[in-house]
Amino acid sequence: MYQDRRKVIVIGGGLVGSLCACFMGQKGYHVVLYEKRSDLRKDTYMRGRSINLAISHRGRVALRSVGLEETVLGSAIPMQGRLLHGKTGALQSMPYDPVFNNCIYSIGRNSLNEVLLNAAENYDNVKVKFDHKLVNADIRRGVIRVQNKTTTEVFEETADLIIGADGAYSVLRSAMLMTPMFQFNQTHIEHGYLELYIPASLGDKMTPNHLHIWPRGQFMMIALPNKDTSWTVTLFMPLDNFTSLRDEDSIMYFFENIFPDAVPLIGKNSLVHTFLSTKPSQLISIKCSPHHFGSKFLIIGDAAHAMVPFYGQGMNSGFEDVSVLSELLDKNHLEVKEIIKLYSEMRVQNVQAVCDLAMYNYVEMRDLVMRKSFRARKAVDEV
Ligand code: FAD
């Protein structure tokens with residue numbers, strides 16, 4: 001970017017937005033990050049979905065560029081393979097990479113977000129403004145309207161580059177929807193998810209350093225390890241099935257028949273309480289094109305390509321978006337409008353392919369995993 005055009009606005013201080021602020025800060029731009037929520041580092045309660053995530057190569061490369069890979073992996077747990085749970089409790093390990101031992105890592109969402117926000121704020125030229133919400137964008141005039149949620153004041157803002165990292169329900173993307181030739185497709189899948197928990201006191205009953213999977217055709221459960229030896233368990237199943245499990249008897253009957261070995265680990269009380277007190281979350285896949293508008297607007301991360309979580313690449317692809325953008329920004333002879341156009345041309349097809357792979361893995365993980373390997377290797381269980 002030309003030296004006289006140095007202001008960048010990032011909307012959304014989630015994983016992708018806060019990493020993006022680090023990259024922009026490292027380049028010396030004057031960066032303002034607007035996040036609608038309060039500062040998660042000051043919250044005492046855990047919030048948000050999927051409290052841990054799998055980080056893999058794409059994500060690590062991006063973290064390395066801003067010197068954060070070691071810090072992040074230092075508090076992550078390596079997962080060397082899948083550990084399949086059959087119905088009768090038979091286990092089968094499927095290493096990801098038996099030859100070179102490459103693995104993925106489980107990392108807490110909030111602790112990762114904290115590392116990224118701290119790193120962003122370490123740059124003098126980056127200002128993070130919490131409780132500031134993008135209300136709408138007048139993209140033809142090149143301005144956004146932001147509300148300070150504390151004072152309720154709404155003000156207009158502009159910059160040389162405005163990046164929407166405001167998640168799957170992006171306000172910036174909504175403004176782009178009205179523009180000519182903008183393609184948009186969203187799919188809510190039949191399955192939703194609910195998070196359960198294996199406490200640290202029972203965590204050692206789980207085989208360590210694996211991503212645990214209970215594949216059961218229409219239902220699937222996974223568990224990822226946490227640093228304190230607890231495990232976060234995610235149950236995926238059709239939303240209609242969640243609706244039919246309305247009382248203790250039906251919940252316990254379901255679990256004791258479908259996931260019997262998980263019952264003593266999660267614990268009956270916790271299982272029933274979570275089911276009766278928590279609404280399952282929906283899963284959405286979003287594709288759109290292009291990812292830029294005009295001379296300054298760009299969307300990245302879930303705002304541009306939310307995907308179902310079965311490939312573990314949503315955040316990783318969002319991190320890769322930032323790496324790709326960063327490389328293009330380093331081409332000093334290009335103007336911002338050329339860079340973002342080039343970014344769309346390079347990126348749209350690639351991330352849509354990852355969205356497709358994620359949808360394919362939706363079937364693979366809950367179903368094919370069992371058919372292809374578990375049964376073929378004559379493991380004892382019936383699915
Ligand atoms: P978000 O995390 O949604 O962050 C958006 C931010 O923008 C939020 O902080 C929000 O408050 C803020 N915001 C929203 N609207 C506004 C506004 N109007 N003004 C200002 N701020 C705003 N990915 C992986 O790579 N590996 C995994 O293992 C994995 N597991 C997953 C498991 C589940 C169950 C789910 C649902 C997803 C999983 N993902 C995984 C995907 C991953 O969570 C997302 O891809 C990632 O969070 C996207 O980051 P983001 O910053 O683009 O969006």
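This is a predicted model: local features need pLDDT of at least 70, side-chain atom pairs count only at pLDDT 80 or more; totals for chains, interfaces and linings use all residues.

Biologist: In the open sheet of three strands, which strands stand at the edges?

Modeller: The order of the sheet is β3-β7-β4, and the pairing is antiparallel. Two of these strands have a single partner strand each, so one side of each is left without a neighbour in the sheet. Those edge strands are β3 (52–55) and β4 (77–79).

Biologist: Nice. What is the bridge partner of Met79 in β7?

Modeller: β4 pairs with β7 (residues 104–108) in the antiparallel sense, over three bridges. In β7, the partner of Met79 is Ile104.

Biologist: Now the ligand: which element gives the most to the shell around it?

Modeller: Elements that each supply at least two residues of the shell are α1 (15–26), β3, β9 (132–138), α10 (302–305) and α11 (314–329). The shell divides into 13 nonpolar, 13 polar and seven charged residues. With four residues, the biggest contributor is α11.

Biologist: And from which strand comes the largest share of the side of domain 1 that touches domain 2?

Modeller: The protein is divided into domain 1 (7–78 + 106–186 + 283–361) and domain 2 (188–282 + 367–375). Their contact takes 14 residues from domain 1 and 16 residues from domain 2. On the domain 1 side, β3, β4, β7 and β17 (281–289) each supply at least two residues. The largest share is three residues, and the strand that supplies them is β17.

Key. Residues are numbered from 1 along each chain as its sequence is written. Two strands pair if DSSP finds at least two bridges between them. Ala, Val, Leu, Ile, Met, Phe, Trp, Tyr, Cys and Pro count as nonpolar, Asp, Glu, Lys and Arg as charged, and the others, Gly among them, as polar. Domain bounds come from an automatic or database domain assignment. Two residues are in contact if their C-beta atoms, placed from the backbone, lie within 7 Å.
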